[in-house]
Amino acid sequence: MLLRYTWLRFLLLATVFVVGFAVVPAVLGRAAPSRPQQVDVAPGYVLVKLEPQAPAAILPAGSEHILGAWYKVPIVEGEDPRAAAQRWAAVSGVVLAQPDTVIHVDREEVAAIPAAEAPAARAAAGLGADLAPNDPLYSRQWNFPMIQTEQAWDVATGSGVKVAVVDSGVHRGDDLACATFVDDYNAITNKAGPGVADDDYGHGTHVAGTIAQCTDNGIGVAGVAPDAQLMPVKVLDASGNGSFSNVAKGVDWARAHGARVINLSLGAQCYPPFDTWQTCSERFGGGNLLNDAIAAAAAADIVIAAAAGNNNLGTLMYPANHPNVIAVTAVDPNMVKAPYADWGSGLDLAAPGGNTALTWNGVEHGGGILQQSKDGSNWNAYVYKQGTSMATAHVSAAAALLRSFVPGATRQQVQDALQSTALDLGTPGPDTTFGYGLIQIASALQAVQAAGATSTPTPTPTETPTATVTPTATLTPTETPTPTATATATETPTASPTAPVTQVWLPLVWQAATAAR
């Protein structure tokens, strides 16, 4: 992750982590700094929330409706968005005006590694047709047996469940050729349709692979919920940059188009004294907008999982720290806390995130999470990555398996089943290092079935009419349907439009090590 100050930059590649301990104390890691951080704000527009009865006509031509009462409003060329937000905050009918925050991510590469020939790899691992899928590199996916994936496949594969991957998009490589893609959306271009959310960065493809890679197809690797439907929602560009407003648009698109699970392998680091989800989100331009999108998705009974963060700090990232979101941290192949993983109050679950510094089963970098992704210009490469981003994908896939097994299970029943059956790795009971523990999917399937969940109708999304700003100008439609759930989005506290906000970044410090096909 790209951070603007060297005092915040962490040297992940230089970290030496001693493995082999069953328990990592909650105090492991650095204390979160309390100094304020700079922020890059998006130029050319501000985010404006109107009062319930305020007409959209008070906004200028070219304004874009995002969701609810939120609009993206153009400003004078060269005007400071902070000053523009202050100006708009004084307009009658405006509840809140704030600049949008630009999110920066950084990709770190490590050396490519050779892969063993597929038959040799399977033979060395002792894998047979009855024990594992025939994907040639499955023997390198140490993360699957760790969370009871093979036992879970006996009863569920994710069929019928839409999982939205709100990320850099998803590229359909040869090992995703048989996957089912639905309701593609590009929040950057505001376009929908097959192929518009193609990945040009690489992170989203890797995350999507862990969730629903084609499995037992004789190619590459496997996915945890191979029959789940992937909903690619692109909010990050080819450089790994995005904004809070686009993330909010992506979450709301997923809600409106029937997603049952939303994966957010992204976020922004929170620092004391702004380390609660309320205070942290209010300091991020666009954070209040994302809060509204999350509230609407939760009201629609969608399971939302988000990455805890990769800065080895004792505070979780936003939106992982949001109460309607499952916060996920990462463990390595030895089931200890990954050296980069954030920890702290509000942590819910742990899942495999990997550690590419480890040589695992004789394979250099083999302690990472292996999936198909981008290596240079090669989109059919198999790449080891690490991060709480990777861990979050496992939890989203697990939620898909539970919801396919018991379609009527509520989001709370899904979370309760995952938490009550998790393998306790730290201090007995929930703790700040592992949350409730490492997910155990087969056990969670039994728990959600025992909960006696009954099938409930899935809300049918309906399109929101296109809003107009003036009689001569029509706002750009975002195809945001009206929520059909009875609960309404909870209003978030109004923050001063000129209040300082902290540097925003994503938990994507993911090392990549490719495995030759």
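How many salt bridges does a search of the whole structure find? Nine. By salt bridge I mean a side-chain nitrogen of Lys or Arg within 4 Å of a carboxyl oxygen of Asp or Glu.

Quick housekeeping before I go on. What we have here is a predicted model, so local features need pLDDT of at least 70 and side-chain atom pairs count only at pLDDT 80 or more, while totals for chains, interfaces and linings use all residues. Residues are numbered from 1 along each chain as its sequence is written, and side-chain values use heavy atoms, with hydrogens and water left out.

Okay, back to the charges. Side chains of opposite charge can pair when their charged atoms come close. Take K249 and E64: their side chains meet in a salt bridge at 2.8 Å, N to O. K249 sits in helix α6 and E64 in strand β2 (residues 64-67), so this pair ties together parts that are 185 residues apart in sequence. When I say helix or strand, those are DSSP runs numbered from the N terminus: H or I with at least four residues for helices, E with at least two for strands. And are K249 and E64 buried or exposed? Both are buried, where buried is under 20% relative accessible area, exposed is over 50%, and partly exposed is in between, with a 1.4 Å probe and protein chains only.

Next up, D200 and K234, whose closest N and O atoms are 2.7 Å apart. D200 is in the loop between β10 (191-192) and α5 (203-212), and K234 is in strand β11 (residues 229-234), so here the parts tied together are 34 residues apart in sequence. D200 is partly exposed at 33% relative accessible area, whereas K234 is buried at 4%.

Then there's D184 with R172, another salt bridge, 2.8 Å from N to O. Both residues come from loops: D184 from the one between β8 (180-181) and β9, R172 from the one between β7 (162-167) and β8, so the pair links parts twelve residues apart in sequence. D184 counts as buried at 4% relative accessibility, and R172 counts as partly exposed at 34%. R172 has something else going on, too: its charged end sits over the ring of F181, 3.8 Å from the centre. The test for that is NZ of Lys or CZ of Arg within 6 Å of the ring centre and within 35 degrees of the ring normal. K72 does likewise with Y45, lying over the ring face at 4.2 Å from the centre.

That gets us to the aromatics. A pair of aromatic rings is described by the distance of the centres and the angle of the planes. The structure holds seven aromatic pairs. The rings are those of Phe, Tyr and Trp (its six-membered ring), and they pair if their centres lie within 6.5 Å; planes under 30 degrees apart are stacked, over 60 edge-to-face, and the rest tilted. Y138 and F144 have centres 5.7 Å apart and planes at 85°, so that pair is edge-to-face. Y138 is buried at 2%, and F144 is buried at 0%. Together with W153, Y138 and F144 form one aromatic cluster.

And what about Y185 and W253? Their centres are 4.3 Å apart and the planes are at 10°, so this pair is stacked. Y185 belongs to strand β9 (residues 185-186) and W253 to helix α6 (residues 244-256), so the pair ties together parts that are 68 residues apart in sequence. Y185 is buried at 1%, and W253 is buried at 4%.

Four strands make an open antiparallel sheet in the order β2-β3-β1-β4, where two strands pair if DSSP finds at least two bridges between them. β2 and β4 (94-98) are the edges with a single partner each, so one side of each has no neighbour in the sheet. Strand β1 (residues 45-50) and β4 run antiparallel and are joined by four bridges, with K49 opposite L96 in β4.

Last stop, β17 (residues 369-375) and β18, which pair in the antiparallel sense over six bridges. Q372 stands opposite Y382 in β18. There are two residues between the strands of this hairpin, and G376 takes a positive phi near 65°. As for β18 (residues 378-385), six of its eight residues are buried, so the strand is largely enclosed by the rest of the structure.
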